[in-house]
Amino acid sequence: LLYLFFPNATTMKHLLLPLLLLAVPARAQFSPSQNAAIDTAKAVGQAQARAGRASQEADWETAAAAYRELLYLRPKRYRTAYADSLLQAAQHSGNPETLGTAYLTAGIVHYDLKEHEPALDAYLKAEKYLSAGSDAYSKYKLRYAIAQTKYYLGFYHEAVALLEPCLAYFKAASTRGYLNTLHSLGLCYAKLGRVGDSESLNRLGLEKSAASGIDAMVPYFKHSQGLNLYLRGRHPECIAALEAVLPELEERGDFANAAAAHSYLGRSHWALGNRDTALAYFEKVHAVFLSHGYSRPDFRAHYETVLAHRTASGSLEEQLEAVTRLQAVDAYLNRNYRHLSRRIAKEFDSRELTASRDALLRALERERLWHRAAIWALASGVVALAYFWKRQAAANRRKFVALLDPPPAGAMAEARKV
């Protein structure tokens, strides 16, 4: 959502700001360029002082505005705490619009952290308070945000029901909003098996982007087309499309869509028999999981592919690693997509994965014991051989010395008499 509405920002801090200030009163808003000119430490101190003073004076509107400003000024790890403070101030204010925008801000914070279910809960509460207002643009932007979260949670039909009215509204009200909605609706159609409709919207999005001179969404339409090519089974074309768009996604820091590109590049290479290339792409997807704590249900398929491949390879260490990775991803999916847990196709359920992991651990331990026994036996054999060789060498040395040193002359004479 952040990348799609505000693609020109170079950092997540700048991406988050416009949404956080979506419905802030004019006196509390700051443009990115203005904020860049303010010393951050000084600004934080001023905002904290303003929030504290306003809370003491029960000026909850000002307190809410100060907490919203702190959300932008402070590091990302503090945003959840400031969102909670913002909600408390908004609740004290008794103003439905203030409370609605506070819930909207909290939803954006959760969405930014990839906490989709809490984001959806906050958006729905925001809609409850904002629905009676007169700002149509904010209402449709909120509906778009809700649809985005529903898409990521797998409620594709519900997302479409929200996006189709947004498409009609933004077509007249906002070219950028219209392009964003075309893209999101195309993604939903693809998930619902309407690949042809998705491709039509992507082509329309590219045409409208060219006509409007707004190219920010172009890589996303091309990315979507690449995924559709995979669904069509046109793997060489999928690879070409995704490889072409991947550098721009990575340059933008869009790790989520880059991970999707890596996943489907890997699957296309796998379908073409390019196992090593596919495994390298799958590794990049897992690197995103490790570094950003991000995955999604459709990534699970390639984890199962890797597990099946490692199981067939005969390497216990690789099998154990593949099982452990799949368990970690499952834990993430069950935590963030709980309602999808019964709908995700699984070759191995959690108990089977645990049993498989435990069996691999036991097999590895037996293998290690056998290796240790073999090493001990080999070492013992070497020691015994060395000892035998040393004794034999000593005996041979004594015989050789005896041959080189003849007995005394008297001993020789006595021997001849006999």
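Start with Arg194 and Asp197. Their side chains meet in a salt bridge, 2.9 Å from N to O. By salt bridge I mean a side-chain nitrogen of Lys or Arg within 4 Å of a carboxyl oxygen of Asp or Glu. Arg194 is partly exposed, at 35% relative accessibility. Asp197 is partly exposed too, at 35%. The cut-offs here: buried is under 20% relative accessible area, exposed is over 50%, and partly exposed lies in between, with a 1.4 Å probe and protein chains only.

A word on the source. This is a predicted model, where local features need pLDDT of at least 70 and side-chain atom pairs count only at pLDDT 80 or more, while totals for chains, interfaces and linings use all residues. Residues are numbered from 1 along each chain as its sequence is written, and side-chain values use heavy atoms, with hydrogens and water left out.

Back to the charges. How many salt bridges does a search of the whole structure find? It finds 14. Side chains of opposite charge can pair when their charged atoms come close.

Look at Asp298 next. Asp298 forms a salt bridge with Lys191, and the closest N and O atoms are 3.6 Å apart. This pair links distant parts of the chain, 107 residues apart. Asp298 sits in the loop between helix H16 (275-292) and helix H17 (300-313), and Lys191 sits in helix H11 (residues 175-191). Helices are DSSP runs of H or I, at least four residues, numbered from the N terminus.

Shared partners join Lys191, Arg296 and Asp298 into one network of salt bridges. Buried or exposed, where does Asp298 fall? It is buried, at 15% relative accessible area. Arg296 is buried as well, at 8%. Lys191 is partly exposed, at 34%.

Now Glu199. Glu199 belongs to helix H12 (residues 195-212). At 11% relative accessibility, Glu199 is buried. Which side chain does the Glu199 side chain meet in a polar contact? That of Arg232, at 3.0 Å. A polar contact is a pair of N or O atoms within 3.5 Å; within protein, one must be able to donate a hydrogen and the other to accept it, and residues adjacent in sequence count only if both atoms are side-chain atoms.

Setting aside neighbours within four places in sequence, Glu199 is in contact with Gln225, Asn228 and Arg232. Contact means heavy atoms within 4.5 Å. Glu199 and Phe221 are 22 residues apart along the chain, and their C-alpha atoms are separated by 9.1 Å.

That brings us to helix H13, residues 218-231. Its 14 residues should span 20 Å at 1.5 Å a residue, and the end C-alpha atoms are 20 Å apart, so the two agree. The expected span is 1.5 Å times one less than the number of residues. H13 is mostly covered, with twelve of its 14 residues buried. Among them are Phe221, Gln225 and Asn228. After H13 comes Gly233, with a positive phi near 80 degrees.

His223, Gly226 and Leu227 are also buried in H13. They are among the residues that Leu242 touches, along with Ala261, Tyr264 and Leu265, not counting residues up to four places away in sequence.

Which members of the largest nonpolar core touch the most other members? Tyr67, Tyr123, Leu242 and Tyr294, out of 98 residues. A nonpolar core is a set of buried Ala, Val, Leu, Ile, Met, Phe, Trp, Tyr and Cys residues joined through side-chain atoms within 4.5 Å.

Next, Thr98, in helix H7 (residues 96-112). Thr98 is buried, at 10% relative accessible area. Its side chain joins that of Glu61 in a polar contact of 2.7 Å. Beyond its neighbours within four places in sequence, Thr98 is in contact with Glu61, Ala64, Arg68, Ala90 and Ser93.

Then Asp330, in helix H18 (residues 316-336). Asp330 is buried, at 4%. Asp330 and Pro297 are 33 residues apart in sequence, and 8.8 Å apart from C-alpha to C-alpha.

Last, the cysteines. Cys166 is buried, at 0%. Cys238 is buried, also at 0%. A disulfide is a pair of cysteine sulfur atoms within 2.5 Å. A search of the whole structure finds zero.

Terms used. Helix = DSSP H or I, 4+ residues; strand = E, 2+ residues; numbered from the N terminus.
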